[in-house]
Each structure stands twice: as C-alpha cells, then as structure tokens.
Amino acid sequence: MIFEARAKVVRVLDVRRLLVLFDLDNTLVDRRGTLGDWAAEFTARHGLGDEVRAYVLDMVAERAYPSTFDLIRSQCRLPMSTDELWSAYCADIAALVSCPAEVLEGLDELRAAGWRVGVATNGASDIQRAKLRATGIFERVDGIFVSEDADARKPQRRHFALAAARCGAALGDGGWVVGDNPVNDIGGGRSAGLRTIWVGHGHSWPTDDSGPDHMVPHARAAIDLLLLHAEDHARTRA
Ligand SMILES: [Mg+2]
C-alpha cells in the first residue's frame with residue numbers, strides 16, 4: 001500500500017514537469033475561416049466591393065497590427081481613425097472566433113493529467129488575448145506569451161523560452177510544441193530543444209527539412225497523443 005501510494009506521488013510529480021506550448025492561429029483556432037467571415041462583414045459594413053474584400057483579407061492574413069489598418073484606412077478612404085478600426089477589428093474577431101469543444105476539453109484533460117499547458121503565439125498582444133478570452137482558452141492554460149509582449153517572434157528561441165517561463169517552466173526541462181507552421185512552430189520548437197507535433201490539417205509535410213516528431217490532422221489528435229505519451233512516461237518512470 002505504502003509503495004503504491006509512493007509510486008503515485010512520484011508519478012504525479014514527474015508528470016507535472018511535462019510542458020506543452022500550443023500555437024494559437026490555425027492550431028487551437030481556425031484563423032483562416034474567421035478572417036474570411038470578418039472580411040465579408042467589414043466590406044459590407046463600409047459599402048466596399050469584392051475586390052476590396054480580397055485586398056483587405058490579404059492584408060490582415062499577412063499581418064494584423066494597428067499599422068495594417070493605417071494602410072487599409074488610406075487605401076479605402078475610410079473616415080474613421082486607425083485606432084477605431086483596430087478596436088473594431090479586435091472586437092469583431094473576438095465575436096467570430098471559436099475553439100472546438102473537444103479541444104477545450106482536451107486542454108482541461110492535459111492539465112488534469114499534470115501537464116503545464118501554455119500558448120506561444122506571434123501577433124499583437126491585444127488581438128491575441130481578445131481571442132484567447134473569447135474562446136475560453138485563456139482560463140484553461142497556465143501561461144500565455146504573445147510575441148509583441150517582448151518583441152520575440154517565433155521561430156526565435158527566446159520566444160519559446162519566455163513562453164515556457166510564463167508556465168513556470170524552463171526550456172532545459174524539455175517539453176513539446178504543437179503548431180501548424182513548419183518554420184515558426186516546428187523548426188523553431190526543435191531549435192529550442194523541444195519535441196514537436198505538426199498540425200497539418202490533412203496536408204503532407206511541405207519541406208525537405210527534417211520533419212516534426214509527429215504529424216496529426218488537428219489539435220485534438222495532438223492532445224490525445226500527448227495524453228498517451230504522459231501515460232507511457234509515467235509508467236516507465238514509476
Ligand atoms: Mg499558426
């Protein structure tokens with residue numbers, strides 16, 4: 001009995017050290033689909049045509065910061081300020097974005113199994129946090145790092161180090177990165193000394209570079225894989 005109890009304690013402490021950092025856009029949430037819906041709404045609201053819709057969509061898909069809306073504002077001759085456009089964009093995206101229920105449940109399951117769960121995302125702090133709050137991801141993770149918080153973008157190692165620190169962990173302890181971007185998430189994660197899971201949405205690995213440790217079609221499959229890994233890890237170490 002005592003040995004059993006001790007083994008359980010060891011297992012929990014051991015598993016607790018496992019860290020996973022999730023990318024946000026097109027990994028935990030469908031950014032592409034959300035932006036398409038937003039661009040349609042935006043152009044309808046401002047009485048702009050299909051050509052402008054494609055332009056606006058390209059612009060925000062590439063890089064969504066207040067400066068993006070400075071350009072959109074002057075190109076489309078919009079009467080409101082850049083600040084007003086940016087605030088409206090953050091509110092609109094927060095209203096449109098969602099995270100699948102099975103992924104939210106998966107984040108809970110990971111934490112219940114002792115994982116430290118973090119979000120490591122490039123982007124502007126206010127829009128990324130608005131999305132995290134609106135989807136319910138915010139209260140389901142231990143830490144969040146957005147590149148604009150400290151001017152450290154993926155694939156820089158520093159980005160992953162700061163994200164790990166937000167979760168109370170260090171890169172030296174190892175961990176996992178889950179993401180859809182071969183360079184930023186997989187290449188960056190590997191360079192930071194982390195193991196990697198590529199969320200490929202059914203595509204095949206696109207580069208000649210060595211691939212990720214695992215490839216999965218969607219975030220829930222990555223979570224299932226991590227939960228299995230934790231079980232194996234605990235079994236071997238107990
Ligand atoms: Mg992504």
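**Note on the predicted model: helix packing, domains and local backbone**

1. The axes of helix α3 (residues 50-62) and α4 come within 10 Å and cross at roughly 165°. Here axes are lines fitted to C-alpha atoms, for helices over the stretch in contact, and angles run from 0 to 180 degrees between N-to-C directions. Helices (H or I, at least four residues) and strands (E, at least two) are DSSP runs, numbered from the N terminus. The angle therefore makes α3 roughly antiparallel to α4; angles over 145 degrees count as roughly antiparallel, under 35 as roughly parallel, 65 to 115 as roughly perpendicular and the rest as oblique.

2. The structure is a predicted model: local features need pLDDT of at least 70, side-chain atom pairs count only at pLDDT 80 or more, and totals for chains, interfaces and linings use all residues. Residues are numbered from 1 along each chain as its sequence is written.

3. The crossing of α3 and α4 is right-handed. A crossing is left-handed if the near helix is turned anticlockwise from the far one by less than a right angle, and right-handed if clockwise. From α3, V52, V56, M59 and V60 meet T68, L71, I72 and C76 of α4, where two residues are in contact if their C-beta atoms, placed from the backbone, lie within 7 Å. By class, the residues of this α3 with α4 contact are seven nonpolar, one polar and no charged. Ala, Val, Leu, Ile, Met, Phe, Trp, Tyr, Cys and Pro count as nonpolar, Asp, Glu, Lys and Arg as charged, and the others, Gly among them, as polar.

4. Helix α5 (residues 82-96) packs on helix α7 (residues 125-135) at an angle of about 25°, with the two axes 8 Å apart. The pair α5 and α7 is therefore roughly parallel, and α5 passes α7 in a right-handed crossing. On the α5 side the contact uses C90, I93 and A94; on the α7 side it uses D126, I127, A130, K131 and A134. The residues of this contact of α5 with α7 divide into six nonpolar, no polar and two charged.

5. α5 also packs against α2, at an angle of about 125° and with the axes 10 Å apart. These two helices, α2 and α5, are therefore oblique to each other, and their crossing is right-handed. T34, D37, W38 and E41 in α2 meet D92, I93 and L96 in α5. The residues of the α2 with α5 contact comprise three nonpolar, one polar and three charged.

6. D92, in helix α5, deserves a separate entry. D92 is partly exposed, with 17 other C-beta atoms within 10 Å. A residue is buried if 20 or more other C-beta atoms lie within 10 Å of its own, exposed if 12 or fewer, and partly exposed in between, with C-beta atoms placed from the backbone. Leaving aside its neighbours within four places in sequence, D92 is in contact with W38 and E41. D92 and F42 are 50 residues apart in sequence, yet their C-alpha atoms are 9.0 Å apart in space.

7. On domains, the assignment gives domain 1 (2-30 + 98-237) and domain 2 (32-96); such bounds come from an automatic or database domain assignment. The centres of domain 1 and domain 2, taken over C-alpha atoms, are separated by 30 Å. Eight residues from domain 1 and eight residues from domain 2 make up the contact. The side of domain 1 that touches domain 2 has four nonpolar, one polar and three charged residues.

8. Most residues other than glycine have a negative phi, and most peptide bonds are trans. N26 has a positive phi, near 65°; N26 sits in the loop between β1 (19-22) and α2 (31-45) and is partly exposed, with 17 other C-beta atoms within 10 Å. R77 also has a positive phi, near 50°. R77 lies in the loop between α4 (66-76) and α5 and is exposed, with 8 other C-beta atoms within 10 Å.

9. The peptide bond from K154 to P155 is cis, with omega near 10°. P155 lies in the loop between α8 (147-150) and α9 (157-166).

10. G202 is found in the loop between β5 (195-199) and β6 (214-216). G202 is exposed, with 6 other C-beta atoms within 10 Å. The C-alpha atoms of G202 and T34 are separated by 19 Å, and the two residues are 168 residues apart along the chain.
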